[in-house]
Amino acid sequence: MSKGADLSQELGIDCKQALYSSWGNFYAAITDFPCALFDKNGFVIINSKDELETFGIKVAKRTNVPHLISSLPAYQLLSAWRVSLPEELPLGML
């Protein structure tokens, strides 16, 4: 599997395509939706061609995100998804 597919599976993100770019600006071409675009710190989910236009993302042979995915309002940090909570809270925490 690709790094994008591995990340989407690890985080439980339901998408038809998952792509990774460490910098967050150039990806393989988006061909299916929803698509998760990952960089080294986070991701954004693109649900339709309309969202590509809204975010200013250009798709040809490659996908170009002019100002990096981290600049998009839908960007989510990986660290927020990887937080693990204890199964039981200590007494007195409720």
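Modeller: Of the contacts (heavy atoms within 4.5 Å) between residues at least 6 apart in sequence, 44% join residues at least 24 apart. This is a predicted model, in which local features need pLDDT of at least 70 and side-chain atom pairs count only at pLDDT 80 or more, while totals for chains, interfaces and linings use all residues. Residues are numbered from 1 along each chain as its sequence is written, and side-chain values use heavy atoms, with hydrogens and water left out.

The open sheet has 4 strands in the order β1-β3-β4-β7, with mixed pairing. Strands are DSSP E runs of at least two residues, helices are H or I runs of at least four, and both are numbered from the N terminus; two strands pair if DSSP finds at least two bridges between them. At the edges, β1 (17–20) and β7 (76–77) each pair on one side only. Between β3 and β4 the pairing is antiparallel, over 4 bridges, and L37 stands opposite V44 in β4. Helix α1 (residues 3–11) packs on the sheet and touches β1, β3 and β4. Its direction makes about 115° with that of β1; the axes are lines fitted to C-alpha atoms, for helices over the stretch in contact, and angles run from 0 to 180 degrees between N-to-C directions.

L37 also belongs to the largest nonpolar core, which has 15 residues. Such a core is a set of buried (under 20% relative accessible area, 1.4 Å probe, protein chains only) Ala, Val, Leu, Ile, Met, Phe, Trp, Tyr and Cys residues joined through side-chain atoms within 4.5 Å. I30, L37, I46, I57 and I69 touch the most other members. β3 (35–38), β4 (42–46) and α2 (49–55) each supply at least two residues of this core.

Methods
Buried < 20%, exposed > 50% of the residue type's maximum accessible area, 1.4 Å probe, protein only.
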